[in-house]
Amino acid sequence: MKQTRTLCLAACLALALSCGAPKTDSTIGASPEVERRVEKILAQMTLSEKIGQMNQVSAGGDVSNYTDALRKGQIGSILNEVDPVKINEYQRICVEESRLGIPLLVARDVIHGYHTVFPIPLGLAATFDPDLVEQGARVAALEATAQGVRWTFSPMLDIARDPRWGRIAEGSGEDTYLDTRMAEAMVRGYQGRQLDTTSMAACIKHFVGYGAAEGGRDYNSTYLTERQLRNVYLPPFQAAVEAGAMTLMTSFNDNDGVPSTGNTFVVKDVLRGEWGFDGLVVTDWNSMGEMINHGFGVDRKDVARKALQAGVDMDMMTYGFLSHLEELVKTGAVKESDIDNAVRNILRVKVRLGLFEHPYVDVEAGAAVQYAPDHLASAQRSAEESAILLKNDGVLPLKADAVRNILVTGPMADAPHDQLGTWAFDGEKSHTVTPLKALEARFPGKVTYVPGLRYSREKRDAFPDVVAAARRADVVLVFLGEEAILSGEAHSLADLNLKGSQSELLAALKATGKPVVATVMAGRPLTVERDLPNCGAMLYAFHPGTMGGPALANLLFGDVNPSGKTPITFLRTVGQAPLYYCHNMTGRPYNGETLIDDIGMEAGQTSLGNTSYYLDYGAYPLFPFGYGLSYTQFTYSDIALDRTSYGADDCITVSLTLANTGEYDGTEVVQVYVRDLVGSITRPVKELKAFERVSLKAGESRKLELQIPVSSLAFYGLDGVKKVEPGDFQLWVAGDSASGEPVPFTVK
Ligand code: NOJ
């Protein structure tokens with residue numbers, strides 16, 4: 001049966017609203033009443049109480065350590081306390097024993113779930129499913145707020161194009177548009193569509209450019225031009241602000257010599273001035289103090305002044321504001337009005353969250369919310385949608401009735417801590433279902449488990465125990481990857497091959513001649529080219545979280561058809577980094593020239609074509625952005641635009657027929673890419689402008705219509721003004737960034 005369906009693409013707000021896409025609300029919780037209350041409190045505050053609000057400390061341990069400071073109003077926020085009994089006590093001291101009774105903002109890094117852990121953000125991005133990601137963030141908020149945490153340091157919106165960088169795990173990958181859609185979804189999920197006691201203020205971070213650290217080495221310098229910032233790195237932040245994000249964190253890096261925590265241009269001019277952000281700006285952990293290490297200030301007093309003047313409201317763990325602002329005001333080095341503005345921004349968040357009315361949580365009720373069945377179901381669905389099928393020679397899906405002896409092996413098969421991934425402080429091993437546990441529950445008596453390697457870095461010379469077990473098995477399920485500790489903050493790597501003897505284990509399994517299915521759980525796209533020939537199928541699951549086990553069992557046995565797509569380019573070798581699909585067109589694009597093995601002895605200097613590629617690895621990645629297989633096949637046909645020429649205010653309607661021509665029901669992520677052929681500056685070879693998940697039954701085909709506002713083609717050109725430049729364009733509709741045929745159109 002053929003149907004027509006209009007897919008509404010939220011690439012521009014005005015159009016998105018008319019298409020019925022999620023409403024964004026940059027003024028969530030804002031009202032004259034909120035402002036009136038903020039002013040009333042501010043008017044009663046002493047300078048010292050104001051400065052106290054601007055101080056955030058890491059709590060934990062005994063509450064009594066902080067009683068005195070809380071009574072004096074010297075702490076505006078704490079992080080790292082998750083015991084609801086203690087949180088209530090912190091709040092009680094503030095509310096009942098401090099002069100003005102201002103409650104605390106209690107913060108935590110709730111990055112991909114609280115107790116119920118979802119896939120790492122890079123895995124969530126692979127779902128290309130913003131609604132599901134919003135649902136996951138809502139679950140995190142429900143669990144965390146029920147225990148008193150009202151502020152999360154998430155989402156991380158850093159575009160990252162170098163998988164050596166360990167924090168690539170924490171973001172949505174390399175693409176501005178995908179990152180933007182995920183940013184909006186997470187903000188809505190954490191804060192809720194309307195503010196109430198389950199709203200957890202989102203903190204968009206790290207502002208800005210942090211993911212472009214030189215060499216992928218964490219905390220390193222970046223050299224992004226203003227145009228790159230505006231065209232690539234800032235849009236997700238702006239979209240998140242428009243979606244109502246209440247707080248923002250400055251980053252550790254210096255960009256072009258200016259550390260973000262002292263960067264007036266990005267914080268004051270762009271964020272506050274251009275975008276009208278009225279939320280709270282917090283530093284990263286001691287990033288104010290680290291401006292001294294950067295050589296951007298002589299001492300703590302100096303950097304405290306610079307941070308305040310750049311537009312920072314709250315100091316995380318430098319104690320620079322607390323120790324020096326009073327003196328800086330008295331000497332006239334800073335204005336008290338700047339302090340007033342910072343305090344307004346902090347109080348505004350507290351008032352909007354309803355903290356004055358609801359400072360306490362019900363401890364018993366809060367406990368009951370954790371790991372609720374629907375939370376686990378949502379985490380499982382997210383893990384299912386985030387897995388990417390990279391290779392399948394037909395071994396998958398496995399037939400449950402046909403297997404009698406399944407060998408489960410590999411260091412990630414039963415690693416409950418590691419499958420949660422980085423930044424899962426509150427996830428618990430005891431609640432995590434590993435693939436081994438899920439498979440044993442599903443196939444009692446049929447699973448043999450021989451770990452082979454106890455952890456991902458272990459080295460072994462031979463695997464006689466695993467090989468012997470493989471020979472007795474019908475199928476070998478090997479779970480490879482990297483431990484959680486190998487990705488995340490400060491965990492960069494220079495070599496992205498599977499660590500330890502994992503590749504050797506896989507090769508030994510392959511040599512048995514048994515069907516081998518590899519599942520990789522990792523915090524980044526590892527370089528698995530050498531491993532692909534040694535398995536019949538490879539499923540890339542990132543770190544899938546609490547319910548990774550049941551999700552993977554469903555995928556391997558075909559209850560769920562893989563639908564994840566790569567949110568980042570998968571490299572053949574680490575030396576290709578950074579390699580990303582939307583690079584600018586060079587003057588000498590690669591044209592399939594000679595590779596190293598074909599170069600003759602004494603070949604002439606100019607015999608190789610003189611284009612942009614590596615002699616040893618060519619120009620292409622292992623898997624392009626947007627790639628992922630399914631157990632079924634999808635074909636695209638009848639791709640057409642409604643017109644050949646558009647005005648700047650028009651909407652492009654793309655039509656196509658998508659057919660599921662295989663034997664399984666499945667879901668395809670339809671992707672639309674656009675290229676602006678000639679601009680006032682060089683333009684990317686392709687840019688993702690829209691995507692939509694489409695589910696089709698086996699044999700079903702459907703006519704689809706997608707709409708793309710011409711305004712979404714705007715960029716900051718040579719004159720520094722954002723606009724759509726008239727001219728010729730090309731558009732692709734395909735299942736990944738490297739497929740499809742261009743359709744031409746013009747913008748007048
Ligand atoms: C440092 C990290 O860079 C940041 O992302 C995190 O939120 C803070 N520490 C607080 O834990």
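1. A word on terms before anything else: a residue counts as buried under 20% relative accessible area, as exposed over 50%, and as partly exposed in between, using a 1.4 Å probe and the protein chains only.

2. Some housekeeping. This is a predicted model, in which local features need pLDDT of at least 70 and side-chain atom pairs count only at pLDDT 80 or more, while totals for chains, interfaces and linings use all residues. Residues are numbered from 1 along each chain as its sequence is written, and side-chain values use heavy atoms, with hydrogens and water left out.

3. On the overall layout, the protein chain is split into domain 1 (2–365), domain 2 (386–556), domain 3 (584–620) and domain 4 (634–747); these bounds come from an automatic or database domain assignment. Between the C-alpha centres of domain 1 and domain 3 there are 47 Å.

4. Now the ligand. Its surroundings consist of 13 residues, and the closest are Asp-109, Arg-167, Lys-205, His-206 and Asp-284 (near here means that a heavy atom of the residue lies within 4 Å of the molecule). Sorted by class, this shell has seven nonpolar, one polar and five charged residues. The classes put Ala, Val, Leu, Ile, Met, Phe, Trp, Tyr, Cys and Pro under nonpolar, Asp, Glu, Lys and Arg under charged, and the others, Gly among them, under polar.

5. Which polar contacts would I look at here? Take Asp-284, with a polar side-chain atom 2.5 Å from an oxygen atom of the ligand. Arg-167 places a side-chain N or O atom 2.7 Å from a ligand oxygen, and for Lys-205 the corresponding distance is 2.8 Å. The protein covers 95% of the 300 Å² of accessible area that the ligand has on its own. For the record, a polar contact is a pair of N or O atoms within 3.5 Å; within protein, one must be able to donate a hydrogen and the other to accept it, and residues adjacent in sequence count only if both atoms are side-chain atoms. Areas come from the Shrake-Rupley method with a 1.4 Å probe, and for residues only the protein chains shown count as cover.

6. Please check the backbone around there. Lys-205 and His-206 are joined by a cis peptide bond, with omega at about -5 degrees, and His-206 sits in strand β6 (residues 203–207). Another cis peptide bond links Phe-207 to Val-208, with omega at about 5 degrees; Val-208 belongs to the loop between β6 and α9 (226–233). Helices (H or I, at least four residues) and strands (E, at least two) are DSSP runs, numbered from the N terminus.

7. Two non-glycine residues with positive phi deserve a look. Phe-128 has a phi of about 45 degrees and lies in the loop between α6 (121–126) and α7 (130–145). Phe-128 is buried, at 1% relative accessibility. Met-317 has a phi near 70 degrees and is found in the loop between β11 (315–316) and α14 (320–330). With 18% relative accessibility, Met-317 also counts as buried.

8. Back to salt bridges, of which the structure holds 45. One of them pairs Arg-344 with Glu-39, the closest N and O atoms being 2.6 Å apart. This pair ties together distant parts of the chain, 305 residues apart, with Arg-344 in helix α15 (residues 336–352) and Glu-39 in helix α2 (residues 32–44). Glu-39 is partly exposed, at 33%.

9. There is also a network: salt bridges link Arg-71, Glu-89, Arg-92, Glu-96 and Glu-97. Within it, Glu-97 and Arg-92 meet at 3.1 Å, N to O. Glu-97 is partly exposed, with a relative accessible area of 29%, and Arg-92 is partly exposed at 24%.

10. Last point: Phe-265, which lies in helix α11 (residues 264–274). How far is Phe-265 from Ala-310 in sequence and in space? They are 45 residues apart in sequence and 7.7 Å apart in space, C-alpha to C-alpha. Phe-265 counts as partly exposed, at 28% relative accessibility.

Conventions:
Salt bridge = Lys/Arg side-chain N within 4 Å of Asp/Glu carboxyl O.
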